[in-house]
Amino acid sequence: MGRLKESGTPEMRPVRRARVAVAAVFAVHGAVTGNFATRIPWIQERLDLSAGQLGLALAFPAIGASVAMPLAGRISHRFGARAALRGLLALWTAWLVMPPVSSGLVWLCGVLFVYGATSGMSDVAMNALGVEVENRLGRSIMSGLHGMWSVGALTGSAAGTIAAHAESDARLHLGIAAAVLTVLGAVACHWVLDLRSAPEEHPPPRFALPPRSALIIGAVGFCAVFAEGASLDWSAVYLRDVLDSSPGVAAACTTAFSCTMAGARLIGDAVVGRFGPVRTVRTGGVLATAGGLLVVTAPGPALAIAGFGLIGLGIAVVVPLAFAAAGRSGPAPSQAIAGVATITYTSGLIAPAAIGSIADLTSLTISFCLVTALALGLVAGAGVLRKPSSSDPAAPDPSASEATLP
């Protein structure tokens, strides 16, 4: 597989170059999300959508992603990982021009379905390549890659905030962003690993239930993404409604949570390298549980903000480690990664609605008791993220696929 030195060790220079390239891909992917999110109010105002109609439309990206992600493995099998990622990422970045030109609610729902489908498939492809680079380097890099996604999202949202503040037409802003990000993505994809399936390898099914290993790993990711989605969407509301905070303080809580997660992911690989994935996630689960308890018992905004910060710190590396574990869990890494991605996307879809429904029936404080309980689930489930030993018969055979390095 690939070009090898006489000692049998892969040449590391192209692998390190591929690591930089896939990190850039993660940043580009995040920048699309950040740019789009800042112009949602413009789109809502232009189409005169109610809050309920906008909420319906914003469910379609997750629906599209969940439906399409299982196809990513088959596309990579047919065209090779590099070509598949290049094409899927280009579709995702270029499609950014479509939401602001939608002519009505039905059209917007269809556009966002495709937006989510291309996002989800490129997400699976780039995570699969990230896992392969991690395996070849022999050390954790997935947390840093997801940290680069967060950096890209923050950069994109900053650009979108500037455009919105200048009252720029979103069709112009997102059109320019789509062109720039499509070019950057194409350049980055040129240097990623070019993995190709062996000629005798059967293509993965178009649609299939996730393997059992992915279901178990995905359950851990579900807990983390639920806590993330609940905190991102409801932290500001919690401070405003429960703790009577000012709008500025409430908004600062969400920003602090996002920055905490991004920072923790950027340093997460060093922590995982020192303590291993299981101890890292268990400790993170303890921190997130403590943060949840602090949120639901806080008498004022300062302690609640600290609690949300602990939640972000505790869950930051869970999803990257879940993708890495899925990629090691069997002979079909793309299928396992797609399964974990589908579960986590579903969690992100239902979390905001679940929090709101529980709050309507009881209170927002009780809703975050559920978040706290799921954070505790990370402590119990961390063991499924353990790296298999080289003698483990369940570990995937690296010779199962061929790769040509750039």
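Student: What should I know before I start?

Tutor: In this predicted model, local features need pLDDT of at least 70, side-chain atom pairs count only at pLDDT 80 or more, and totals for chains, interfaces and linings use all residues. Residues are numbered from 1 along each chain as its sequence is written, and side-chain values use heavy atoms, with hydrogens and water left out.

Student: At what angle do helix H6 and helix H13 pack?

Tutor: Helices are DSSP runs of H or I, at least four residues, numbered from the N terminus. Axes are lines fitted to C-alpha atoms over the stretch in contact, and angles run from 0 to 180 degrees between N-to-C directions. Here H6 (residues 105–137) meets H13 (residues 318–327) at about 75 degrees, with axes 9 Å apart. H6 is therefore roughly perpendicular to H13 (the word covers 65 to 115 degrees). Asp 123, Asn 127, Val 131 and Glu 134 of H6 make the contact with Phe 323, Ala 324 and Gly 327 of H13; contact means heavy atoms within 4.5 Å.

Student: Which residues does Thr 38 touch?

Tutor: Leaving out residues up to four places away in sequence, Thr 38 touches Ser 157, Gly 160, Thr 161 and His 173. Thr 38 belongs to helix H1 (residues 12–38). Its C-alpha atom is 8.9 Å from that of Ala 163, 125 residues apart along the chain.

Student: Is Val 67 buried, partly exposed or exposed?

Tutor: Buried means under 20% relative accessible area, exposed over 50%, and partly exposed in between (1.4 Å probe, protein chains only). Val 67, in helix H3, has a value of 40%, so Val 67 is partly exposed.

Notes
Helices (H or I, at least four residues) and strands (E, at least two) are DSSP runs, numbered from the N terminus. Angles under 35 degrees count as roughly parallel, over 145 as roughly antiparallel, 65 to 115 as roughly perpendicular and the rest as oblique.
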